[in-house]
Amino acid sequence: IKTIGILTSGGDAPGMNAAIRAVTRSGICNGFEVKGIYRGFDGLINNEIRPFTTENVSGIIMQGGTILKSARSKGFMTPEGRQKAYENLRNEGIGALVVIGGNGSLSGARIFAEEFDFCCVGLPGTIDNDLYGTDSTIGYDTTMNTIVECVDRIRDTAQSHERIFFVEVMGRDAGFLAQNSAIASGAEAAIIPEDSTDVDQLARFMERGIRKSKKSCIVIVSESPKCGALYYAERVRKEFPNYDVRVSILGHLQRGGRPTAHDRILASRTGVGAVEAIMQGQRNIMVGIRNNEIVYVPFSDAIRTDKPLDMKLIKVLDELSI
Ligand code: F6P
């Protein structure tokens with residue numbers, strides 16, 4: 001392997017640029033040529049591939065988003081698209097592909113790696129923290145801090161008006177962002193997909209919370225097409241018409257912003273780990289960090305959908321929100 005290709009795919013995440021920088025610089029340091037592939041797997045199919053030097057990645061460690069752009073590629077889901085991608089990699093002399101992305105992106109990398117017996121290495125780039133085998137994913141810490149900052153502000157107005165706020169956060173099917181941002185912001189409850197909080201439970205909780213000393217209350221709700229913050233707000237409005245209920249859906253502001261030091265370090269360490277993995281002949285693995293050690297996690301494990309949320313945290317939130 002003489003040349004490494006890098007791409008970012010799926011939802012962007014703060015820290016992706018730090019990861020691109022790390023792979024590029026570590027690759028060059030270790031004698032590889034490095035090529036940047038624009039617009040994720042779509043760019044691989046459309047041959048949007050450019051040589052990368054250390055200058056291409058200077059001054060980006062602190063930038064949110066991804067300088068390589070990102071996409072959720074439909075073309076890469078087809079055998080014809082992957083065939084074209086493979087031909088372009090061969091023509092560019094790329095022998096290893098580093099994919100920075102979340103569950104969907106690493107699933108795509110896994111299929112491609114098996115189909116063409118190609119060396120693919122993944123970096124966990126997603127705000128959702130839903131990749132198995134790594135304690136944290138690149139972007140998760142930054143997003144959690146962004147949510148906490150937003151909730152701090154919402155609390156000011158919630159208290160002034162004595163209102164109940166349902167704040168909806170991202171996370172797709174995982175409750176890591178909701179659960180941990182609720183603890184960090186001192187919210188009264190979190191509604192997460194991993195715990196079936198039914199509306200009655202919620203209503204009882206509201207009654208208990210409001211009857212005590214608290215006159216305002218913040219509930220963090222994991223996004224869900226069927227029962228997001230609007231759904232819960234509507235139910236509470238019906239059952240407790242006296243409460244003044246508001247909804248705040250934080251949306252894509254959660255994905256932007258300068259990465260925290262934690263995410264920059266995670267991206268830098270796993271980026272260097274990706275180049276080491278390629279040199280060691282590792283393939284079809286995601287580089288993660290567990291208990292402060294670099295780990296190589298087979299794609300088949302990384303994309304498991306059952307990364308456990310620590311359910312003891314529910315107790316922490318419950319006890320601290322009385
Ligand atoms: O996977 C990252 C994520 O931000 C999820 O939390 C969210 O459900 C989704 O992407 C939103 O995707 P899009 O930016 O395509 O609307």
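Me: In which loop is Pro259 found?

Reply: A word on the basis comes before the answer: this is a predicted model, in which local features need pLDDT of at least 70 and side-chain atom pairs count only at pLDDT 80 or more, while totals for chains, interfaces and linings use all residues. Residues are numbered from 1 along each chain as its sequence is written, and side-chain values use heavy atoms, with hydrogens and water left out. Helices (H or I, at least four residues) and strands (E, at least two) are DSSP runs, numbered from the N terminus. On that basis, Pro259 is found in the loop between strand S9 (245–249) and helix H9 (261–279).

Me: Is Pro259 buried or exposed?

Reply: Buried means under 20% relative accessible area, exposed over 50%, and partly exposed in between, with a 1.4 Å probe and protein chains only. Because its relative accessibility is 3%, Pro259 counts as buried.

Me: Which helix gives the largest share of the lining of the largest pocket?

Reply: A pocket is an open set of points on a 1 Å grid over the protein atoms alone, where a 1.4 Å probe fits, with protein on both sides within 12 Å along at least five of seven lines, and lining residues have an atom within 4 Å of a point. The largest pocket is lined by 38 residues, of which Arg72, Asn103, Gly104, Ser105 and Arg172 lie nearest its centre. The largest share of this lining is six residues, and they come from helix H4 (residues 103–116).

Me: Is Ser105 buried or exposed, and which side chain does the side chain of Ser105 meet in a polar contact?

Reply: Ser105 is found in helix H4, and it is buried because its relative accessible area is 6%. A polar contact is a pair of N or O atoms within 3.5 Å; within protein, one must be able to donate a hydrogen and the other to accept it, and residues adjacent in sequence count only if both atoms are side-chain atoms. At 2.7 Å, the side chain of Ser105 makes such a contact with the side chain of Ser9.

Me: How many Å separate a polar side-chain atom of Arg72 from an oxygen atom of the ligand?

Reply: Residues count as around the ligand if one of their heavy atoms lies within 4 Å of it, and among them are Arg72, Gly171 and Arg172. A backbone N or O atom of Gly171 lies 3.1 Å from an oxygen atom of the ligand, and an N or O atom in the side chain of Arg172 is 3.4 Å from an oxygen atom of the ligand. For the polar side-chain atom of Arg72, the distance to an oxygen atom of the ligand is 2.9 Å.

Me: What is the phi of Lys69?

Reply: Lys69 has its place in the loop between strand S3 (49–52) and helix H3 (79–91), and it counts as partly exposed because its relative accessibility is 43%. Its phi has a positive value in a residue other than glycine, near 65°.

Me: How far apart are the C-alpha atoms of Phe299 and Met286?

Reply: Phe299 lies in helix H10 (residues 299–302) and is buried, with a relative accessible area of 1%. Phe299 and Met286 are 13 residues apart along the chain, and their C-alpha atoms are separated by 6.0 Å.
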